[in-house]
Amino acid sequence: MISLQDLNSLPPPQFVAALSGIFERSPWVPERVAHARPFNSGLSLHAAMCAAVDRASIDEQLALIRAHPELAGRAAIRGELTPESTREQQGAGLAACTPEEFARLHQLNGLYTQKFGFPFVLAVKGHNRASVIAALDQRVENTVEHERAVALREIARIAGFRLADLVAEPLGSRIIAMAEQLARFSERQDALVCSYLTPAHRATAALIRDWMLGAGLQVDIDAVGNVIGRWVGTAASSPTLLTGSHYDTVVDAGKFDGRLGILLPIAVVAQLRGAGVRLPYTVTIAAFSEEEGVRFKSTFLGSRALAGRFDPAMLDSVDNDGITLREAIRAAGLDPAEIPAAAFATGDLLGFVEVHIEQGPVLLNESAPLGVVTSIAGSIRCLVSITGLAGHAGTVPMHLRRDAAAAAAELVLAIEKCCSGTPGLVGTVGQMQVPSGAMNVIPGRCELSVDIRADSDQVRDGAFAAVLGESERIAARRNVDIQWRKVLDVGCVPCAPKMQQLWADSIRRVTGSAEVRRLPSGAGHDAMVMAGVTEMGMLFVRCGNGGISHHPSETLSADDAELAACAFKDFLLNFPVPS
Ligand code: GLV
Ligand code: MN
Ligand code: MN
């Protein structure tokens, strides 16, 4: 391996030589980016080289594709591949093809080269012989133009894998660079939005999968879109420590909520594996596909499926376009019937731990980079529909109106009042709409969302009952109908004392500070669901900008990401495995 710092300071010829294996027999690619140094992460170096390929002429691009060997072709048999290609082809089992597989590959390779005039290029990491043959079989049908683009995309992925094996860099800056790269996949140009099973969401999953493969994990995508990566332990049937968080986002989100708890473990495991470490237990990283509830007003779809707590009735819920969850899952090429099979065998679970930004100002105000979570607040979420009577804004006198929006406004203030003044209790109306509303029409209908949370179930339930009482009084006084539909009811979840202790020990060791901040979480997390099936613990990492979250100005410093990665590494290395 070579450090990013060294790559940045080498004279250009040595820089090009160091990167000679990244783009197959094509030194012109690193040559064209040498002047753009210093790169602040391996990912930005990768992006710069891929951009150089994009800008190259079609002849140069074709030469790059043609520099690649055929998969399981004659050069492979004669041992004439680059060391990188040899490793990759062997990794996919291509050196051990049966005579039938060889014959099929040979035949398809022949058809392919005849049609396109260049060899079939595939990033084989994560593939086996059958899936390589299936991919070749499918791609031979592409048009020439499309296939050239696909080949270049595969070459970019290969370069990403090779670069991750070659370049060593600080974990903190790597994690920040990964989060920034993921944030480029969005449903909107002007804001980060990554809601369940949209194209942006699927592109995010694909990149997370690549990073897991690059870290040497065995990766699967389950029936709800969770990306699951396993680093198998030393024993044949190792028990498993699960870790992870969600990769979906709220609307106009920050880059770190959820994603930190996926990217940080990937970076740490890659480093440990690269250093030859083997653990006596399996570490499984779960990138949960849905936690925020944006598209289907459901939360925790990903962790519920993994915990075996998925409610099949959810499949009938619809998004704003009338698409059911079942249809969305099918459209993504996943099979709703397979959801029960996504459940983790909890018998061999050692626990679940989640690393998450704090999403609040406590650690920041106390100058503590890391904290141990003691419990996660429970929450009730409801969708409320108010029906009054629409009418002409100019003709109906005020005392005769049944204005649904005015009733909603009163309800919002009642929620604010019922949830104020009790520490730990909060109530929020985050969405409010007048469907088919117009400037000159009295609102006949108003829809809103209600979210009430507390660190005590009794307090939360008391507040909810008070809000329902107010809702009835408002409905009676204003002669409107108010319907409540509960979409989430999760109780407050304590973190396992053992996990709290282990995190506290790790924080002490990596920060050198005797005092460890312990704090409750007001935000919900996948860890709440996982606590239903195994011992659960959480590490909080300080955010900047006053602790703002669910907002684009959510921040995390590279130094804090580095420290959190060190704490996670320490946690893994010291995790007690029962004998
Ligand atoms: C999850 O982000 C929540 O709403 O707490
Ligand atoms: Mn969130
Ligand atoms: Mn989150």
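An oxygen atom of ligand 1 lies 3.1 Å from an N or O atom in the side chain of His550. Please keep in mind that the model I am presenting is predicted. Two further contacts belong beside this one. A polar side-chain atom of Arg453 is found 2.6 Å from an oxygen atom of the ligand, and a polar backbone atom of Gly524 is 2.6 Å from an oxygen atom of ligand 1. How much of the accessible area of ligand 1 does the protein cover? On its own, ligand 1 has 200 Å² of accessible area, and the protein covers 94% of this.

Let us now consider the surroundings. The residues around ligand 1 are Glu291, Glu292, Arg381, Arg453, Ala523, Gly524 and His550.

I turn next to the aromatic residues. A pair of aromatic rings is described by two quantities, the distance of the centres and the angle of the planes. Across the whole structure, a search finds 11 aromatic pairs. One of them joins Tyr112 and Phe120, with 5.4 Å from centre to centre and 75° between the planes, an edge-to-face arrangement. Tyr112 and Phe120 are both buried.

Why is the pair of Phe116 and Phe118 stacked? The ring planes of Phe116 and Phe118 stand at 20°, with the centres 5.8 Å apart, and the pair is therefore stacked; planes under 30 degrees apart count as such. Phe116 is buried, as is Phe118.

Finally, one aromatic cluster is formed by Tyr281, Trp503, Phe568, Phe571 and Phe575.

Definitions and conventions:
Residues numbered from 1 in each chain as written. Chains lettered and ligands numbered in written order. Predicted model: local features only at pLDDT ≥ 70, side-chain atom pairs only at ≥ 80, totals over all residues. Heavy atoms only, no water. Near = heavy atom within 4 Å. Polar contact = N/O pair within 3.5 Å; in protein donor to acceptor, adjacent residues only side chain to side chain. Areas by Shrake-Rupley, 256 points an atom, 1.4 Å probe, with all protein chains shown as cover. Phe/Tyr/Trp six-rings, centres within 6.5 Å; stacked < 30°, edge-to-face > 60°. Buried < 20%, exposed > 50% of the residue type's maximum accessible area, 1.4 Å probe, protein only.
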